[in-house]
Structure formats: C-alpha cells, structure tokens
Amino acid sequence: MTGTYTHNLETGKLELSFAKSDYQALGETDKSLLKRTFQWSGSRSCWVSRASTNLYHPKQVAAGLGLTDAGETGERLTYA
C-alpha cells in the first residue's frame with residue numbers, strides 16, 4: 001500500500017492518506033483494524049485517529065499497513 005500518515009498538531013490526531021483502490025485491496029481483518037482505530041473524515045478526505053493523546057497504537061496500525069511517516073502538520077494551539 002502506498003500512502004502517508006501525518007500528525008496534525010492542531011487536533012493532536014493522526015491522519016492517514018491513501019487511494020481508495022488501496023483501501024479496497026485490503027483484507028477484511030485490515031479493514032476492521034483500520035475502522036476500529038480510525039474514522040473517515042469526509043471534510044478532510046482522510047482517515048483520522050480516534051485517539052488524540054496516546055498515538056502509539058494508531059502509529060503501529062499505520063506502519064503495519066505499509067504507510068510512511070510524513071511528519072507533522074499545523075501548529076500546536078495554545079490556550080490562554
């Protein structure tokens with residue numbers, strides 16, 4: 001599978017980006033694991049992690065799917 005995952009600093013969540021054909025080529029167990037760990041965001045057109053504080057498991061799932069780390073995006077929001 002070709003695609004990337006990025007850590008969005010504004011939301012604190014992990015975002016997966018890959019082609020729809022790659023998703024359709026996944027097996028049922030991989031699809032189930034993906035749906036358990038991530039949710040589809042239509043507005044962003046990517047899979048967004050359900051967890052925002054502990055990203056260890058979502059990163060392991062993304063690496064297990066063969067996605068590459070694209071780094072971080074956005075700017076961490078501060079609260080005054």
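Reader: What makes Glu15 and Arg44 a salt bridge?

Author: A salt bridge is a side-chain nitrogen of Lys or Arg within 4 Å of a carboxyl oxygen of Asp or Glu. The closest N and O atoms of Glu15 and Arg44 are 2.3 Å apart, so the pair meets that definition. The structure holds one salt bridge. This is a predicted model, in which local features need pLDDT of at least 70 and side-chain atom pairs count only at pLDDT 80 or more, while totals for chains, interfaces and linings use all residues. Residues are numbered from 1 along each chain as its sequence is written, and side-chain values use heavy atoms, with hydrogens and water left out.

Reader: Why does Glu15 count as buried?

Author: Buried means under 20% relative accessible area, exposed over 50%, and partly exposed in between (1.4 Å probe, protein chains only). Glu15 has 11% relative accessibility, so Glu15 counts as buried. Arg44, at 40%, therefore counts as partly exposed.

Reader: How do you know whether Thr37 is buried or exposed?

Author: Its relative accessibility is 8%, so Thr37 counts as buried. Thr37 is placed in helix H2 (residues 28-37).

Reader: Which residues is Thr37 in contact with, leaving aside neighbours within four places in sequence?

Author: They are Ser49, Arg50, His57, Pro58 and Val61. Contact means heavy atoms within 4.5 Å.

Methods: Helix = DSSP H or I, 4+ residues; strand = E, 2+ residues; numbered from the N terminus.
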